[in-house]
Amino acid sequence: MSNIPETGRSSRVTIRLIAIQILVMSLLLTLGGRLWYLQIRNGDEYQKEAKGNHVQQVVEPAVRGAILDARGMPLADNETRLVVSASRTELMKQDDGGKAVLERLAKVLRMDPRTVRQKVRLCDAKTPQPCWNGSPYQPIPVTDDAKPQQALQIRERSEDFPGIKAEPEAVRRYPAPYGANTAQALGYLSPVTDEEIEKAKDSDSPFLPSDEIGRSGLERSYDSKLRGSSGVTRYEVDNLGRVMGQAESEKAKPGSNLVTSIDARVQAVAEKQLDQAMKKARTEFDKNTGRNYKADAGAVVVMENKTGRVVAMASNPEYDPNAWVGGISGKEYAKLTGKNSNYPLLNRAIQGLAAPGSIFKVISTSAAVKAGYPFDGNYDCSSSYEVGGQTFKNFESKGYGNIDLGRALEVSCDTVFYRLAYKEWKKDGGNMPKKGAHDWFYKMAHDYGLGKETGVDLPNEVSGRVPDRKWKKNYWEANKDAWCKQAKNGGGNPSYAEKIAKENCASGMKMRAGDSINYSIGQGDTLVTPIQMATIYAALGNGGTLHDPTLGKAIVSPDGKSVHEIRPTSHGKLPISDKTLHQMDGALQGVATRGSAAWRFGEAGWPQDKIKLRAKTGTAEVAGKQTTSWLATYTDDFTVVMTISQGGTGSGASGPAVRNIYNAMYGVGADGGIDKSKALLPKPQAKLPKISKDGTIVPQRDKKPRGQNAERPADAPSGSPSAPPGEQTPAESPDTRGEAQAARHEGQRQQHRRDGTPPAREIRQLAGGERR
Amino acid sequence: MSSRSFALGGYGPRRRSLWDRLTARDSVVWRLDWIMLLSGAVLAVIGSLLVYSATRNRTELNQGDPQYFLVRHVISLIIGIGLMIGTVWLGHRRLRSAVPVLYGVTVLLAVCVLTPLGATINGSRAWLNLGGGFTVQPAEFIKITVILGMAMLLAAKVDAGDQEHPDHRTVLQALGVAALPVLVILMMPDLGSVMVLVFIVLAVLLASGASNRWIIGLCLAGALGAVLVWALGLLDEYQINRFAAFANPALDPSGVGYNTNQARIAIGSGGLTGKGLFEGTQTTGQFVPEQQTDFVFTVAGEELGFIGAGLILVLLGILIWRACRIARESTELYSTIVAAGVIAWFAFQAFENIGMTLGIMPVAGLPLPFVSYGGTSMFAVWIAVGLLQSIRTQKPIAA
């Protein structure tokens with residue numbers, strides 16, 4: 001056929017046919033272009049969308065590892081509770097923002113509707129607790145203490161409760177064995193925030209919105225070990241959400257268990273004794289201020305000398321760590337952090353700062369020996385010492401004549417140290433310091449580890465300070481403007497404060513004679529923490545090694561197969577000879593037998609011949625406040641350091657408490673006799689608790705309850721083999737999770753019964769009813 | 001068959017065997033447009049695979065038999081090819097005399113759809129229940145009979161040599177031939193088919209050489225009609241929603257915009273090479289509704305990627321290109337108009353169908369020619385191919 005029309009075909013038709021052809025082909029070209037645009041240009045984007053489309057994530061939270069004491073008693077573990085939670089996203093979808101649902105929920109739970117509403121609102125700068133601080137996409141727990149009928153009611157009438165879930169969940173529990181609360185050392189958990197999720201997104205351990213993380217204490221410092229990793233199963237689903245297959249599955253890995261060196265029994269005694277000592281101090285009259293001691297805070301640390309392991313660490317005021325579980329109420333939050341709370345969350349043992357008072361004298365003694373003053377030389381212990389028209393009195397203005405340094409420690413003679421400090425100050429150039437001044441007293445404090453953190457395995461330890469020349473200069477530079485301004489305001493008739501300001505303004509950068517003199521007996525600007533002093537006295541007791549204190553003793557994998565022991569590490573040796581060490585040790589024994597602490601020990605029936613005790617008392621003065629009581633003691637194996645802020649004298653306020661702690665540890669009776677069967681911890685616990693084959697850690701229990709320590713037997717954890725602390729569930733498939741969860745709860749039955757929480761069968765009903 | 005085919009064959013000496021006649025140098029077989037047939041065949045094969053991929057998991061549709069749709073699709077395809085052969089055998093010219101009857105039958109069938117015999121799917125009452133699970137969509141056949149009917153009227157005087165171009169009266173009559181079924185289909189309503197018919201009418205008028213005034217007038221009338229339909233609220237809510245989703249692709253991806261959004265995700269996620277046949281997550285997850293019929297192109301886009309989906313476009317392009325050649329080479333106006341009508345039908349229906357999956361056209365229920373599942377559409381398309389082949393193979397009547 002030819003292209004030339006033979007008949008019936010006008011050129012108009014031909015032209016129009018070509019037009020049709022062009023039009024039609026351009027339609028197809030358009031499709032091709034659009035196809036390229038979607039598939040090649042934006043293909044990646046759509047691939048992502050397609051992935052999000054057909055993959056659903058199911059998160060299985062990891063069981064957090066338990067924190068155990070040295071004998072395997074759980075200090076922190078998990079229990080199953082019926083948690084009722086609300087989904088904000090679901091509530092917000094409702095016409096009234098979920099108001100009606102929350103109202104109904106409050107009725108069922110017998111809670112105040114306002115409280116329920118507050119619990120599900122989001123925290124921001126203006127919103128006070130209670131509020132939800134976690135991810136807004138995560139179910140917000142309204143209560144973790146629902147009764148089974150309440151949970152069943154919510155589930156059976158699910159149409160009345162859209163967005164509300166009632167499910168058994170593992171929640172953290174701090175069982176306080178023997179009443180050992182250990183709150184500050186354990187720390188607490190709270191839900192992870194969106195910012196934290198974002199921050200950790202690309203790290204090795206990303207968070208899931210459901211995660212809770214440790215906020216303080218051991219929960220925080222060992223968080224990555226305890227937390228484990230949540231299991232995420234990604235299911236391929238079709239358009240109706242039906243599961244077509246598993247894309248990826250990561251089993252939940254339970255967290256490791258942390259065995260600590262804490263002995264719950266000793267911890268309980270320490271807490272109780274500290275509390276009683278503070279209560280007692282509040283009944284004592286303080287002559288200096290004309291009112292009773294306030295005893296507003298205190299801390300005690302019990303440490304193993306040879307390892308730096310912490311056997312007990314108590315901080316007062318205390319709080320109940322269980323308050324954090326399942327979201328904290330507004331009232332409780334205010335109680336813990338409010339202005340009038342006295343900040344019980346602070347761990348005074350590592351965060352409490354005070355001048356050390358006379359327990360600092362071991363450092364001054366070491367410095368004096370280092371500076372060339374023989375330990376057994378003769379030093380004048382006069383009742384007072386005058387320098388530059390200023391009189392520095394001995395404690396209670398007592399004089400002891402010519403004594404050696406050992407005796408000066410025993411009787412805590414201030415004037416001996418005043419003289420030595422003044423001499424050294426002058427040697428170093430006095431007000432016009434020489435270049436390369438020895439500064440023995442300051443150097444020694446640094447060498448003893450003061451002015452920096454001990455490296456304890458707890459977060460937010462404070463470093464304290466050694467008020468040396470450098471510090472003085474920095475401090476002056478930071479404050480001189482304010483001082484000088486205040487001094488100017490004084491004009492012709494300056495007040496006392498203004499006089500001080502004037503002096504500070506003019507010469508605050510200088511180390512004055514009075515500064516050095518005060519410093520030598522631990523008064524003035526020196527600040528130390530109880531853990532620092534415990535480390536120092538433990539070093540005196542172990543031959544001179546300054547250990548990094550540890551609470552964590554071993555990290556045990558959930559299957560029990562891997563046990564990583566946390567070995568003691570040190571941050572230095574005391575820079576003194578063995579001889580000096582020995583001499584000081586003898587002097588500190590003297591303190592306990594005939595010195596300032598004798599009335600609490602040697603002269604009060606302490607069996608010094610069997611258990612050699614060393615002690616040093618301290619009473620630190622604080623401007624505008626009552627004196628801080630310090631008592632630092634050690635035996636061959638243990639160091640006990642106690643302090644009470646505004647509590648009175650060292651031996652007076654802290655003496656009986658420290659004595660009682662030793663009594664309990666060594667089984668010393670009131671008459672001084674030793675009953676070994678009553679001794680809680682006569683030797684450091686070297687061995688780790690037994691780990692059974694299935695990985696559970698078997699708590700070592702006392703055969704019969706022991707006097708004062710068994711006051712709360714009901715609080716003993718459910719540590720039977722069927723419900724081991726930090727029980728771990730073997731990996732579960734999503735289909736069997738319901739039953740497995742129920743089975744896991746079975747083990748906790750006793751606990752529930754005791755608490756009036758549901759027995760396992762009821763929980764099983766609830767758990768089996770819904771599969772996530 | 002042989003004696004019958006003698007009667008129908010019409011060419012060549014009578015005594016030659018069928019084989020001889022088919023293989024002879026001047027036989028129909030040699031003169032067939034094999035490039036077009038091959039393109040159609042490859043499209044049909046790809047279509048069968050895509051239909052299978054889209055339906056093998058749809059247990060709620062395939063009654064538990066993964067091959068349920070595939071088998072039916074292949075049977076339709078075989079019948080369709082048979083119809084094509086039959087059409088070639090008969091020849092478009094011989095069919096010319098039967099056009100009024102065919103037209104009447106198809107329009108009658110379409111009217112039946114509006115009676116209780118009709119079945120409603122996706123808001124359109126466009127199917128006729130034949131019983132036994134078979135349905136037929138008369139609108140598909142109407143596309144053919146409208147082309148044939150209009151061509152017959154418009155070409156009659158021109159092909160007879162009485163006129164150079166059809167006169168106004170003829171054009172008006174031809175429009176009347178189109179208008180009746182369009183009205184019936186509008187009542188179903190099957191907007192997709194109406195749109196295709198409008199484009200067919202436009203192409204037919206263009207190819208007939210009708211006055212430009214008619215072309216412009218028709219365009220204006222089409223636009224006015226669209227405005228009227230919109231303004232008078234003649235559209236159902238689902239139809240308005242489809243337009244809304246088209247105008248705003250981000251609209252309500254879980255509701256109104258669900259189809260188009262999921263279709264776009266399916267195609268876009270295919271990338272260059274696709275996820276592999278039967279490996280598409282959107283397809284196996286059944287995220288795209290009507291995937292074996294109106295949205296079959298999404299299976300290609302997702303599983304075969306730009307290469308596979310592009311191949312479908314190329315094959316359609318080749319097929320339509322060859323059809324255009326046939327239209328241009330035809331010496332009779334009747335044949336030219338028929339070819340042009342088929343071209344407009346294939347091209348616009350493919351554009352609308354693929355365009356809606358790509359989000360450049362609003363959603364309308366139209367199958368993709370050669371590829372989609374659906375018997376009636378398959379039959380109609382292959383009959384149309386038969387018409388084109390017939391135009392190519394049949395020598396013009398001597399002028």
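Q: What counts as a helix or a strand here?
A: Helices are DSSP runs of H or I with at least four residues, and strands are runs of E with at least two, numbered from the N terminus. Keep in mind that this is a predicted model.

Q: Where does that put Gly595(A)?
A: Gly595(A) sits in the loop that links α22 (578–593) and β23 (614–620) of chain A.

Q: Is Gly595(A) buried or exposed, and how do you know?
A: A residue is buried if 20 or more other C-beta atoms lie within 10 Å of its own. Gly595(A) has 24 of them, so it is buried.

Q: Which residues does Gly595(A) touch, leaving out those up to four places away in sequence?
A: Glu410(A), Val411(A) and Gly590(A).

Q: Over in chain B, how do the axes of α8 (residues 138–159) and α10 (residues 191–208) cross?
A: They come within 10 Å and cross at roughly 20°. Angles under 35 degrees count as roughly parallel, so α8(B) is roughly parallel to α10(B). The crossing is right-handed.

Q: What makes up this helix contact, by class of residue?
A: There are 11 nonpolar residues, two polar and one charged. Val146(B), Ile147(B) and Leu154(B) are among those on the α8(B) side, while the α10(B) side includes Val196(B) and Ile200(B).

Q: How many residues does each chain bring to the contact between chains A and B?
A: Chain B gives 49 and chain A gives 41. On the chain B side, α15(B) has the largest share, with 13 residues. That side splits into 25 nonpolar, 18 polar and six charged residues.

Definitions and conventions: Residues numbered from 1 in each chain as written. Chains lettered and ligands numbered in written order. Predicted model: local features only at pLDDT ≥ 70, side-chain atom pairs only at ≥ 80, totals over all residues. Axes fitted to C-alpha atoms, helices over the stretch in contact; angles between N-to-C directions. Parallel < 35°, antiparallel > 145°, perpendicular 65-115°, else oblique. Left-handed = near helix turned anticlockwise from the far one by under 90°. Contact = placed C-beta atoms within 7 Å. Nonpolar A, V, L, I, M, F, W, Y, C, P; charged D, E, K, R; others polar. Buried ≥ 20, exposed ≤ 12 C-beta atoms within 10 Å, placed from the backbone.
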